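Subject: Structure handover

Dear colleague,

Here is the structure for your files. Please look it over first; notes on what was found in it follow below.

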Amino acid sequence: MNILTISNNLETYLVIGAFLFALGFYGLLSRQTFIGMLIAAELILSGASINFMAFNRFLAPDPTVGQIFTLFIMGIAAAEAAIALSIIIAVYRNYKSINTEDVVELQG
């Protein structure tokens, strides 16, 4: 199979997006540090962005819709990273750890 025909296929992009989404979801559930969970959340958003761009390229009649969604997701990801990092820094200052098991006192 030629590499050019693989890149011109909707299914290829959907598989890559689903793989990134699944990898991020697994990482979100299995990681015990806040930084690992933040990186996993970024993978989930990247997988969703790839799917939006793939549907935009192959199925959407208006070419700007998928791009707008992807830019919106990138903005959400940047805001999420900034807020999460500030929370992680605040947690580290109080507990001297970013491990989720060390900060169980944060309930309620």
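Residues 24 or more positions apart account for 56% of the chain's contacts with a separation of 6 or more, a contact being heavy atoms within 4.5 Å. The model is a predicted one: local features need pLDDT of at least 70 and side-chain atom pairs count only at pLDDT 80 or more, while totals for chains, interfaces and linings use all residues. Residues are numbered from 1 along each chain as its sequence is written, and side-chain values use heavy atoms, with hydrogens and water left out.

Overall form

The secondary structure comes to four helices and zero strands, which gives the pattern α-α-α-α along the sequence. Helices (H or I, at least four residues) and strands (E, at least two) are DSSP runs, numbered from the N terminus. The chain has a radius of gyration of 18 Å, well over the 13 Å that the globule rule gives for 108 residues, so it is more spread out than a compact globule. That radius is taken over C-alpha atoms, and the rule is 2.2 Å times the number of residues to the power 0.38. The C-alpha trace spans about 50 × 30 × 20 Å along its principal axes.

Of the 108 residues, 21% count as buried. Here buried means under 20% relative accessible area, exposed means over 50%, and partly exposed is in between (1.4 Å probe, protein chains only). Accessible areas come from the Shrake-Rupley method with a 1.4 Å probe; for residues, only the protein chains shown count as cover.

Aromatic pairs

A search of the whole structure finds two aromatic pairs. Rings of Phe, Tyr and Trp (its six-membered ring) pair if their centres lie within 6.5 Å; planes under 30 degrees apart count as stacked, over 60 as edge-to-face and the rest as tilted.

Tyr 13 and Phe 58 make a tilted pair, at 5.9 Å centre to centre and with 40° between the planes. Tyr 13 lies in helix 2 (residues 10-30) and Phe 58 in helix 3 (residues 34-58), so this pair ties together parts that are 45 residues apart in sequence. Tyr 13 is partly exposed at 28% relative accessible area, and Phe 58 is partly exposed at 26%.

Phe 52 and Phe 69 form a stacked pair, with 4.9 Å centre to centre and 5° between the planes. Phe 52 is in helix 3 and Phe 69 in helix 4 (residues 64-95), 17 residues apart, so the pair links distant parts of the chain. Phe 52 has 34% relative accessibility and counts as partly exposed; Phe 69, at 40%, is also partly exposed.

Other positions

Phe 21, Phe 25 and Leu 29 make a nonpolar surface patch of about 330 Å². Patches are made of residues with over 30% relative accessible area and no salt bridge, with like charges joined within 9 Å and nonpolar side chains (Val, Leu, Ile, Met, Phe, Trp, Tyr) within 5 Å. A salt bridge is a side-chain nitrogen of Lys or Arg within 4 Å of a carboxyl oxygen of Asp or Glu. Phe 21 is in helix 2 and is partly exposed at 40%.

Ile 16, in helix 2, is partly exposed at 40% relative accessibility. Ile 16 and Asn 51 are 35 residues apart in sequence and 8.5 Å apart in space, C-alpha to C-alpha.

Gly 36 lies in helix 3 and counts as buried at 14% relative accessibility.

Regards
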